[in-house]
Amino acid sequence: QVQLVESGGGLVQAGGSLRLSCAASGVIFRINAMGWYRQAPGKQRELVATITTGGRTNYADSVKGRFTISRDNAKNTVYLQMNNLKPEDTAVYYCLVDRLSAPNYWGQGTQVTVSS
């Protein structure tokens, strides 16, 4: 059985930093990439950042230069370092495990709230 445990969310002031982590328990096969999505109330879930097993990253334009995604492939753990946070970053952040020809896994979500 696989479980994704997210942590690191919280309340911060604008300009502050947080680091999110997502640790997968159990063994996950056919991993292509891991990443983060976020969703604010009344809005669609959107891509934040992803990283492939080979280390290739991509970011939403809104977070480029501020967020950094990293991964420990051996532990199936992904991190999101968030710097210079803005109120617009307020959302529930969801960890994603993207799998090849297999269903994806999603974390339970962790709340990030940035005050002005």
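User: What makes strand E3 and E8 a pair in this structure?

Analyst: Happy to start there. In this predicted model, strand E3 (residues 18-25) runs antiparallel to E8, with six bridges joining them. Two strands pair if DSSP finds at least two bridges between them, so six bridges meet that condition. As one example, Leu18 has Met82 as its bridge partner in E8.

User: Which sheet do E3 and E8 belong to, and in what order do its strands lie?

Analyst: The order is E1-E3-E8-E7, an open sheet of four strands with antiparallel pairing. On average, neighbouring strands of this sheet are turned by 15° against each other, with direction ignored.

User: Why are strand E1 (3-7) and E7 called edge strands?

Analyst: Each of them pairs on one side only.

User: Now to the charged side chains. How do you know that Arg38 and Asp89 form a salt bridge?

Analyst: Their closest N and O atoms are 2.9 Å apart. The cut-off is 4 Å between a side-chain nitrogen of Lys or Arg and a carboxyl oxygen of Asp or Glu, so this pair qualifies. Arg38 lies in strand E4 (residues 31-39) and Asp89 in the loop between strand E8 (77-82) and strand E9 (91-99), so the contact ties together parts that are 51 residues apart in sequence. Both Arg38 and Asp89 are buried, that is, under 20% relative accessible area.

User: What other partner does Asp89 have, and how far apart are the closest atoms?

Analyst: Arg66 also forms a salt bridge with Asp89, and here the closest N and O atoms are 2.8 Å apart. This pair links distant parts of the chain too: Arg66 sits in the loop between strand E6 (57-59) and strand E7 (67-72), and Asp89 in the loop between E8 and E9, 23 residues apart. Arg66 and Asp89 are both buried.

User: What makes these contacts a network?

Analyst: Shared partners do: salt bridges join Arg38, Glu46, Arg66 and Asp89 into one network.

User: How many salt bridges does a search of the whole structure find?

Analyst: It finds four. One of them joins the side chains of Asp61 and Lys64, at 3.2 Å from N to O.

User: Why is Asp61 called exposed, and what is Lys64 called?

Analyst: Asp61 has 64% relative accessibility, and exposed means over 50%, so Asp61 counts as exposed. Lys64 has a relative accessible area of 49%.

Definitions and conventions:
Residues numbered from 1 in each chain as written. Predicted model: local features only at pLDDT ≥ 70, side-chain atom pairs only at ≥ 80, totals over all residues. Heavy atoms only, no water. Helix = DSSP H or I, 4+ residues; strand = E, 2+ residues; numbered from the N terminus. Buried < 20%, exposed > 50% of the residue type's maximum accessible area, 1.4 Å probe, protein only. Axes fitted to C-alpha atoms, helices over the stretch in contact; angles between N-to-C directions.
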